[in-house]
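Trainee: Please take one part of this model and go through it closely. I would like the cut-offs stated as you go.

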Amino acid sequence: EKISFMNSSYFDEIYHPRTAYEYVHGLEVYEWTHPPLGKLLMAIPVAILGMCPFAYRLMGNIAGILMIPTIYILAKDIFKNKKYAVLAAIIMACDNFHFAQTRLATVDSFLVLFIMLSFMFMYKYIILTDKDKIKTKLWMLFFSGLFMGCAIATKWTGCFAGVGLAIIFFAKLIKTNLIEKTEINKKGIN
């Protein structure tokens, strides 16, 4: 009877939840501007709870919640300090934009979570040393690639983050090779 956030859609919510509904019911999909992963994730609670604002906003909210431990782990790895990691998590949890955006039924929440996870695993890869097992390195690269693939399968703008990952990967590769060549040259001179 009265329009509110409890019974109506905002912004791109007119597209993405509708597409999730269409996936659930095997209908022809209306919105194809972005790849389907985000809308398929939205379709899970829609299939279970029905087509209501709570259901189509639920997965984005869960993605927003998962971003907080993700930023904590990434900050802890980068700063090597639990206090800074807690501070990063608190800042993200209290950020109004993060709070609002992850409560809307758009695919952006999934995109950001997947990008964060891909960079977290890439960082874990680049801090590994030659002494670490190759299997561990391959797992870190695998998960970084997996989550980057999920980001791109959610929204095309995930490709830009993939460029960033490629730069980090090749910079690490070049740095590692330069260090090895320098050590070989030092041994050759001595």
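**A surface patch and the core**

Mentor: Leu 87 lies in helix H4, helices being DSSP runs (H or I) of at least four residues, numbered from the N terminus. This is a predicted model, in which local features need pLDDT of at least 70 and side-chain atom pairs count only at pLDDT 80 or more, while totals for chains, interfaces and linings use all residues. Residues are numbered from 1 along each chain as its sequence is written, and side-chain values use heavy atoms, without hydrogens or water.

With a relative accessible area of 45%, Leu 87 is partly exposed, meaning between buried (under 20%) and exposed (over 50%), with a 1.4 Å probe and protein chains only. Helices H3 (53-79) and H4 (82-94) each give two or more residues to the patch, and H4 gives the most, with 3.

H6 supplies the largest share, 11 residues. Of the 33 core residues, those touching the most other members include Met 42 and Phe 110; core residues are buried nonpolar ones joined through side-chain atoms within 4.5 Å. Beyond four places in sequence, Met 42 is in contact (heavy atoms within 4.5 Å) with residues including Ala 55, Tyr 56, Met 59 and Phe 110.
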